[in-house]
Amino acid sequence: MTPTREIYWNIDGHLIMYFFAAIMLGIFAFGIVRRYRLWKVGQPENRWSAGWQGVKDIFIYGFGHKRILKDFTPGVMHLALLVGFIFLFFATAMITLQADFGINIFQGALYIFIKITTNLFGLLAMIGVLYLFYRRYSKRPAKLDNQKDDLLALTLILMILVTGFFLQGFRMASEHDPWATYGFAGYWMIEPLQAIFSQEQLLAMHKYTWWFHMLIAFAFIAYLPYSKLFHIVLGPINQFLRQRGPVGVPELIDFEDESQETFGLSEFKQLSWKAIFNSDVCIRCGRCQEDCPAYVSGKHLNPKQTIQDIKGRAAEEYHAVCQAKKEAKHSAKQEGVVASGEAAATVDGTAALEIPPGRALIGDVIAEQDIWDCTTCRSCEQQCPVFVEHVDKTVEMRRNLVLMESRFPSEAQLAFRNMENNGNPWGIGWNKREEFLKGLEVPTLVENPEAEILYWPGCSGAFDARNQKVSAALVKLLRAAKVNFAILGNEEKCCGDSARKLGNEFLYQTLAAENIEVMKGYGVKKVITQCPHCFQTLSHDYPQLGGKFEVVHHTTYLKELIDSGRLRLSDGENLNDGESRGEELQLRMTYHDSCYLGRYNKIYSEPREILKKAGLKVIEMKRTKEKSFCCGAGGGRMWLEEHEGERINELRTEEALATGAEIVGTACPFCLTMFNDGLNAKEEAAAKTKALDIAEILAQKI
């Protein structure tokens, strides 16, 4: 006998199923069209050039659950649910090919394969959905905000699985199935069901269950576009559409373009369709808020709520457009104009419609303080399994507040003025920039035009007393490796990172243009910097203005020097902290991943490899690498005060101290400053724990 079964066994009038299918597809299609029209309310944006890389991302992040599995147990359960439904969908597709297209495929080895896989992975899917019920309604983690949609979605999934297994069990208990053992979940139900029901009752239960299962499955499909379940479709699409290449590079503003009426983002109508699409993709899993330094430290900002608020505003705009369309058609009809003409503009072409302005994005939808509380660390985006984008919109709103409204924190005003007048946020005289490094006899490019490397100390390395020690250490290392390097000296200005991230694009472009002109004048090819913010700006932002240079962070360059043998480290096992105490510290340390070095530029391994070569044992913090917790200084917040909640740097300092390490290693001047402040706030810890830059650590090993 060929393994198979009759598809519509015991089912009379199954053709009516196609009537229900037509209704289901109609409701589903209407939901798709409605969503598409909602997205089209946004401005154009091209995100369709990913090609094969986008397809790979769907397999890696969608089917492979690369990000979801970082929250291991829920991730595994969600994966079990996905895999279960993939095999169930495959089985349904094979049955459809035979029942509706006459392709005799549901038999033989494939039939056995389908029975085994649907039972095995169907049971795993049931375990997965039961766990998700338990997690959401029993454990109740704070990041989950339960809504009716969540309960309905999980209930529909569970009912499909349960009725599917009972349907199989009733059939096996009603007839002799020589292949029943392969459908083991149903096979286990045969004896209990036969003990409870008579043959007639089993046949009736099978029939009722079949119709109920069919209706529930159709209801599930019809409900998809109206619920969070639609992430099954939208999630992979957003993974395909995700940002690629350098992240955190705002769109360049052409200040000479007289046609621009506004700068930045303040009104909903200025959002792109992709920004609206992002809000639809969000499934409220709460991973973004769980690692947001502003939210965790008690600020009002909540990245998940921000996206949900945009989603709510998108729904308002869509309804306003629909109402305007309706009124335009009514007006055209009254005036005797054919409704298909210009007056009957559709949602896909809203230019002819008179739409009320609605709630403003800044202030009404998103609180103004939330815009300034963001550190641009991008942890929210890094943790999001469906690649919802948060930070770029924040920077655009800051641009509007600064360039159009002149409304920003008073501390930012001081930083802007200092950068304008003296080329650095501290406001120290511009002609003192080279003073410290000249004291170390570091030549300028004027004095050493043959230098192979331009050393860019940045404002911190040039002016800040604590970070000047990092500059001195790096100079010592470069000289030990016999690197021919020089500085710009007083011709160097602030790279402009803080100005740009705080929304002052005009100031940024002014500083950047001056720096680019100077570097081009000297024929600079390669730049080394100890600041991740300078590294990000010089390597990824400056090319927008024609400044294309090879830029390396000092951790990457030092590793190259060590690997090539140009920089040799000693074998000592103790490390002097470089402070006045003069005692030696044990080689136990933890390393903090700077957001702009790690999440922005994916430099995680180089610093750790350097420390390992230096003989140090790195003890990782609870949140490390991609999940590293921000120090609180990014996005220009180095120059702003925290007026609400706990101090972010002190929270991160506590995480570092929890490792028991005596050295907190950094590779960023802002992080170093924030850790020093955090340690000083804990006097007892400051007495035995020091924050050191990697360059300082290596400088004591040569």
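# Notebook: looking around a predicted model

I started with burial: 55% of the 702 residues in the protein are buried, where buried means under 20% relative accessible area, exposed means over 50%, and partly exposed is in between (1.4 Å probe, protein chains only). I'm working with a predicted model, so I noted that local features need pLDDT of at least 70 and side-chain atom pairs count only at pLDDT 80 or more, while totals for chains, interfaces and linings use all residues. Residues are numbered from 1 along each chain as its sequence is written, and side-chain values use heavy atoms, with hydrogens and water left out.

**Confidence**

I looked up pLDDT, the predictor's confidence in each residue, from 0 to 100. The protein averages 92, and 95% of the residues score at least 70. Residues 338–348 fall below 50, and this stretch has 20 contacts in the model beyond near neighbours in sequence; a contact means heavy atoms within 4.5 Å. Residues 572–585 are also below 50, with 35 contacts beyond near neighbours in sequence.

**Overall layout**

I found 29 helices and 10 strands. These are DSSP runs numbered from the N terminus (helices are H or I, at least four residues; strands are E, at least two). The C-alpha atoms fill a box of roughly 100 × 75 × 45 Å, taken along the principal axes. I also checked contacts between residues at least 6 apart in sequence: 79% of them join residues at least 24 apart.

**Cores**

Which residues touch the most other members of the largest nonpolar core? They are Trp456, Met519, Val527 and Leu698, out of 145 residues in that core. A nonpolar core here is a set of buried Ala, Val, Leu, Ile, Met, Phe, Trp, Tyr and Cys residues joined through side-chain atoms within 4.5 Å. Helix H5 (residues 148–174) gives this core its largest share, 8 residues. Another core lies apart from it, with 19 residues, among them Met17, Met94, Ile114 and Trp210.

I then followed Leu698. Leaving aside neighbours within four places in sequence, Leu698 is in contact with Leu477, Leu558, Ile562, Leu569, Ile610 and Ala614.

After H25 comes Gly615, with a positive phi near 90°.

Helix H26 (residues 648–657) is mostly covered, with 7 of its 10 residues buried. Its cover includes helix H12 (293–296), strand E7 (588–591), strand E9 (663–666) and helix H27 (669–680).

**Pro532**

Buried or exposed? Pro532 has 0% relative accessibility, so I put Pro532 down as buried. Pro532 lies in helix H23 (residues 532–541). Not counting residues up to four places away in sequence, Pro532 touches His553, Ser594, Tyr596, Leu597, Ala667, Cys668 and Pro669.

**Salt bridges**

Side chains of opposite charge can pair when their charged atoms come close. The rule I used is a side-chain nitrogen of Lys or Arg within 4 Å of a carboxyl oxygen of Asp or Glu. That gives 48 salt bridges.

- Lys274 and Glu389 meet at 3.6 Å, N to O. Lys274 is buried at 1% relative accessible area, and Glu389 counts as buried at 10%.
- Glu696 and Arg466 meet at 2.8 Å, N to O. Glu696 is in helix H29 and Arg466 in helix H20 (residues 465–480), so the pair ties together parts 230 residues apart in sequence.
- Lys613 pairs with Asp563, the closest N and O atoms being 3.5 Å apart. Lys613 sits in H25 and Asp563 in H24, 50 residues apart. Lys613 is partly exposed at 43%, and Asp563 is partly exposed at 43%.

I also noted one network of salt bridges that share partners, joining Arg136, Asp145, Asp150, Lys228, Arg284 and Lys304.
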